[in-house]
Amino acid sequence: MKIYCYFVPKYTFVAERRVFKVGEEYPVYIQEDYFTLVAENGEFNLTKKGLDETVKNWKDAVKVKMEEDNV
């Protein structure tokens, strides 16, 4: 699976019972026609629109680090 980006929490939080801890990086994988965001104890499967909305809604909680930032 190819990594699209990482969610980097600014603080520890829980979303729909999925835990995101400060100091960690959580990958978002590209699937065929959707994305998978992996948390500590589960994952979210999102369409492109859903991923964009999540980034927008979580802008105060996470920094999005694009995969090319790691090169």
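With 71 residues, a compact globule would come out near 11 Å in radius of gyration, and the protein has 11 Å, so the two agree. That radius is taken over C-alpha atoms, and the globule rule is 2.2 Å times the number of residues to the power 0.38.

Some ground rules: this is a predicted model, where local features need pLDDT of at least 70, side-chain atom pairs count only at pLDDT 80 or more, and totals for chains, interfaces and linings use all residues. Residues are numbered from 1 along each chain as its sequence is written, and side-chain values use heavy atoms, with hydrogens and water left out.

**Exercise 1. Find the residues that touch the most other members of the largest nonpolar core.**

Step 1: Collect buried (under 20% relative accessible area, 1.4 Å probe, protein chains only) Ala, Val, Leu, Ile, Met, Phe, Trp, Tyr and Cys residues joined through side-chain atoms within 4.5 Å. The largest such set holds 16 residues, and Phe7, Phe13, Phe20, Val28, Leu37, Phe44 and Trp58 touch the most other members.

Step 2: Strand 1 (2-9), strand 2 (13-15), strand 4 (26-30), strand 5 (35-38) and strand 6 (43-46) give two or more residues each.

Step 3: Zoom in on Trp58. Skipping neighbours within four places in sequence, Trp58 is in contact (heavy atoms within 4.5 Å) with Phe7, Phe13, Ala15, Phe20, Leu37 and Phe44.

**Exercise 2. Decide whether Lys65 is buried or exposed, and find a polar partner for its side chain.**

Step 1: Check the accessibility. Lys65 sits at 16%, so this residue counts as buried.

Step 2: Search for a polar contact, a pair of N or O atoms within 3.5 Å, one able to donate a hydrogen and the other to accept it, where residues adjacent in sequence count only if both atoms are side-chain atoms. The Lys65 side chain makes one with the side chain of Glu25, at 2.5 Å.

Note on methods: Buried < 20%, exposed > 50% of the residue type's maximum accessible area, 1.4 Å probe, protein only. Helix = DSSP H or I, 4+ residues; strand = E, 2+ residues; numbered from the N terminus.
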